[in-house]
Structures are given as C-alpha cells and as structure tokens.
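I opened my notebook to look at a ligand site, some sheets and the domains. Here is what I was working from.

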Amino acid sequence: MTKNKKLLAWLDEMVELNAPDKVVWIDGSEEQIEELRATACKTGEMEKLNEEMLPGCYLHRTAINDVARVEGRTFICTTEREEAGATNNWMSPKETYEKLYKLYKGSMKGRTMYVIPYSMGIVGSEFAKNGIELTDSIYVVLNMCIMTRVGNDVLASIGDDGDFVKGMHSRADMNEEERYICQLPEDNTIMSVNSGYGGNVLLGKKCFALRIASVLARDEGWMAEHMLILGIEDPQGNVKYVTAAFPSACGKTNLAMLIPPEYYASKGYKVWCVGDDIAWLRIGEDGRLWAVNPENGFFGVAPGTSEKTNPNALAATRKGTIFTNVCHNLDNNTVWWEGLDKNPPEHAVDWKGNPWNGKTATEKGAHPNSRFTAPAVNCPCLSKEFNNPKGVPISAIIFGGRRAKTAPLVYQSRSWQHGVYMGSAMASETTAAASGAVGVVRRDPMAMLPFCGYNMGDYFAHWLEMGKKIPNPPKIFNVNWFRTDDEGHFIWPGYGDNMRVLMWILARCEDKIGAQETAIGWLPNPEDIEVEGLEGIDTETIRGLLSVDADLWKQDADGVEEFYKKIDSVGNRMPKELYEELAGLRERLGK
Ligand code: OXD
Ligand code: MN
C-alpha cells in the first residue's frame, strides 16, 4: 500500500495496541464502499432506505448518550498549559498518551481496524493536507468517504516520506465516562475514544480541519476558519465571494445555500455554495485572500431543513446520503424529522429506536441534533469552483451572532484591526430551546470557541498579523438576523432575504455606496438596503433594525473586557491592539 516508514511504524504501533483481528485499507473504490455498506446492513449498524425514493441512502442510530460533540471531553494537549489557553480543556501529551493508550489497549479484539487515507482539500493541491484515520467503525469509514477525499491517490500524495495527520479512533466500550477527543498539535495527532457520533469521530472535520489546522495555519501563515463560503453571481456573470462565521444555531447552512428572493432572481442574480462549515484561506499571488472548502460533503442538522427553509440542502440529501438519528418512516422506508413537513408519519421508529406515531407522540421523532451526511456534488447550487484547487477570492468576511437587541442588521468595521475586534467580541444569546436561561450571552469569537487548537490570545494575534500580510484584504462586516420586537418576534425575515444585506456588503466592497460612520463602525443608510418585494418591511423598519443602543453597547463592552481577562488568565496572550480597540469603542460610545 505504502512504503512510508512513518506511516507503517505508527500503524504497527496502533495495531499492536488495539489488537484488531483484521486490518483493512480503504482504497476509495465504489466496489469496496458497497461491500462495507452491505456489511453494515448485515450487522444492523445501518439500514438501507427506499432505493426508489432515496437511492443509495442509509439510516444509522448512535447510542442514546452519544448524540453530539462533547466539548467537556475535548482536550488540546500541549506541553505547556499556556499554549492551549483558558478557553480550551488542557491535558499534557504525556498524560494523554498514558490515559488513552490504556483505553485503546486490546479495544479492537474481535473487530476490524480500517485504515482511511484522506485529504482535506483537492488531493495534492497547494491548500490540501493529508490525514490517516484508523477506526473500528464502518459508519465512520462511510461518512469519511462522503465528507473527505479518500483513497489510494491520497497515499500516493503522501508518498514515501510525506507528512500526514495521525487520527486514532476506537469505539472501545463506548463508556461515556471515559470518552475523550484529544488533539495533540505538537505531534499532528488526534485521538478519539468511546464515541460513535460524527463530530467526535469523523476526525477530518472539527478535529483536523479546525483544531489541528488552526495551529498549522498559524505556523505556516494561513487561516483555518469555521466559515461558510458563498458566491453571488450578477446578471453579467461576475461572481463575488464572501465567507461567514456564525455560532451554531444561526443558520449557516441555510445562508450558504441561499435562494435569491424574486426581486434579485428575476434580474438574473444567482447564489453558489462553495462550503457550509469550514474555510481554509491563503494569500494569493494577486494579494487577495483565497478560500477553499477542505470538505467534500455536508454534515448538516436535519431538523428544520425543508423544501421551504433550504431546498438546496434537502435536494442534496436525496441520494447517497447517510442519515443519523432521524425518524424512520416505516410506511415507505424513508426518513422524517421535525420541520421537514407537516405530515409526521404515524407508523415510524424514533431516533432512539422505539415505535413512534407522529399523530400522538409527545416526544420528538428525530433528535434535535440529528444529521445528514450528503455528498457536496448533490447540491443544486454547488459552485463551479468547488473543485478549483486555487479556491475563490474573498471580497468580504462576515461575522454574526444571535442578538435580540444589541447588534444592528449589518455594519462594517472601521479597519482590519477593528474587524478582528468585532470577530473577537462575537456572541450569541441562548434561546429558550437551547437552555433554561434565555438571553444569556455566550462569547464565541469568530465561532471558533470550541475549535481553536491553541491559545485564543495568540489566535487573535495571528488574525492581526494576517491583516498586515494581505496586500488587498477582504472587508469585514457583522450581521444580525435575529433582532426582535417588544413581543419577542423576529423583525427581519431572514433566509433568502438575507441576500439584501449581502448585496449591501458587496456594494461596500466595490466602493459603490456610501455609509454612516458611527461609534460601532460603518452603518448603511437605511434606503440602501433593498426592500422591494418584502412584505411588512419598509425603509423605516430598516432604520429600526439599524439602531444602536449605546447603553447596551457599553454593557456589551464590559462583557468583552471580562472575556479578554479570562483569556489573559492563562498565558497573558491577549494582543494589546484589541484592548485598544475596546477602549476606542468605549470612548466613541461616550461615558
Ligand atoms: C457543526 C458544529 O456540526 O459547528 O458544524 O457544531
Ligand atoms: Mn460547524
């Protein structure tokens, strides 16, 4: 398979440690994948769905206690605590190896170990990075074959002495108390044990493409970000690209696959999706920032996805998709989830595997974090540039969060440095659905809180450094789709109409339009947000959505300072420039 000594030595060590009965190399061929699907159906790990309605689609249920990423059990394992910083759980590499090797010992007896060579990004391209994941789960293999580029060409690209990220995953005995997701950036290694859920076990995604890659990016002068990438094509065929970072539950996949409102569609505007979750960004020869999506599929949240909210995502799930923890409609052997339509099946099995009747049920049929793993090529609005190894040039970086009152619909940063401040201050307010306490502000800088593989202070410093290095940097914006009225109803319609805000952003990037300088940054003139075709919203509504309450902003600044102090409590790494931005904001807001 390979002569790479480092790879073979590591594999030998892991085989000896985990003691599988058999080792199988994944070559990426359809033949082998089909065989694995058949095996998974035989063992009950997956169920084949209706071939006519959902060709090539399968259903999987995880354990009931294993349904989401486990941030509390996720560790950044560096020699020095300061390297991981205050926002990450930390363990020393020595302790990590001791602890996890004990859990791996003999854990694959009676099982098969699969060796998955995969590439994040187009195999062999300048952006791409290789990884090898070892796992005892066919479900993991099949998901990785959708989410990443897998197979022999990756081994060829690693070559005899090339580097790769080592990823060790074992389901072991699925003991929740001993579940660990460990990143060891000093060794380019990921170790995951006792989980079978996506984000914890598909090691190419959050563990590699964000946590490990963020460290590689810092060291090599690029950026690994939790961002969607989309392109807007004008009627002349010119496409401009933006990236956007949002905390979870802010509609990232919906924005990435946005359907233009009639007002723009009728003029010939189109929106193209390059990625819905992760962007790797590099400075191009032309001095602009270029982005690729290192993934090859979408690992999206199913509930709420419908013909109305995101027809592109739904279409992407109609073939070759693995559904996890959704409701199984037994009448036609398809799947259902809350928010798909108003016809829950009466003869079904819920995500826990129990009989379920949508007419009488008091519990949900699908888990709120149930997922689809869908090939990117299925998406009707996938960008033509999706497979371009050079990526796409980025005009704007957009940050956002869920804020009921504080943040206006959109505003632009005063500079790159101020934009980094805006990203560092990003936050979302908890919703009633997410926790008991409504309106609690959770800081989530650049939506990277759970995904930054090193000290957050150093991460901000890297952003500031990149700003100095990019000759022609993207402009930076903040959006908020979630302003509410006094009764708590959303004012802005969101979804496709978010394009109206993106159009203002692009106009600003091209210096086609003026704006008002305010304490918090550049705000639109309300009449510059297009409202034609919007029901119940006029320029006056927009004026309200753009209002800024100085008292709320002063309170928010206190929250940012507290957060900065927390980051500084481990290693004192907060860049002084961001404290200066905070002081400048306070001054502009007035005493
Ligand atoms: C995701 C997440 O699953 O950010 O993409 O949690
Ligand atoms: Mn994500």
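My entries on this structure follow.

**Ground rules.** I worked with a predicted model, in which local features need pLDDT of at least 70, side-chain atom pairs count only at pLDDT 80 or more, and totals for chains, interfaces and linings use all residues. Residues are numbered from 1 along each chain as its sequence is written, chains are lettered from A and ligands numbered from 1 in the order in which they are written, and side-chain values use heavy atoms, with hydrogens and water left out.

**Ligand 1.** I began by asking which residues are around ligand 1.

Next I looked up polar contacts, here pairs of N or O atoms within 3.5 Å. Lys 206 puts a polar side-chain atom 2.9 Å from an oxygen atom of ligand 1. For Arg 371 the distance from such an atom to a ligand oxygen is 3.1 Å, and for His 226 I read 3.2 Å. On its own, ligand 1 has 210 Å² of accessible area, and the protein covers 85% of it (Shrake-Rupley method, 1.4 Å probe).

**Five-stranded sheet.** I then turned to an open sheet with mixed pairing, in the order S2-S3-S19-S24-S18. Strands are DSSP runs of E, at least two residues long, numbered from the N terminus, and two of them pair if DSSP finds at least two bridges between them. Strands S2 (47–48) and S18 (297–301) are at the edges, each pairing on one side only. S19 (residues 322–324) runs antiparallel to S24 (residues 371–375), with three bridges, and Ile 322 stands opposite Thr 373.

**Four-stranded sheet.** I also found an open antiparallel sheet, S21-S20-S22-S23. S21 (334–336) and S23 (355–356) each have a single partner strand, so one side of each has no neighbour in the sheet. In S20, His 328 faces Val 335 of S21.

**Domains.** Last, I checked the domain assignment, which is automatic or from a database: domain 1 (5–44 + 73–220), domain 2 (225–296 + 384–556) and domain 3 (298–378). The C-alpha centres of domain 1 and domain 3 are 28 Å apart.

Note on methods:
Near = heavy atom within 4 Å. Polar contact = N/O pair within 3.5 Å; in protein donor to acceptor, adjacent residues only side chain to side chain.
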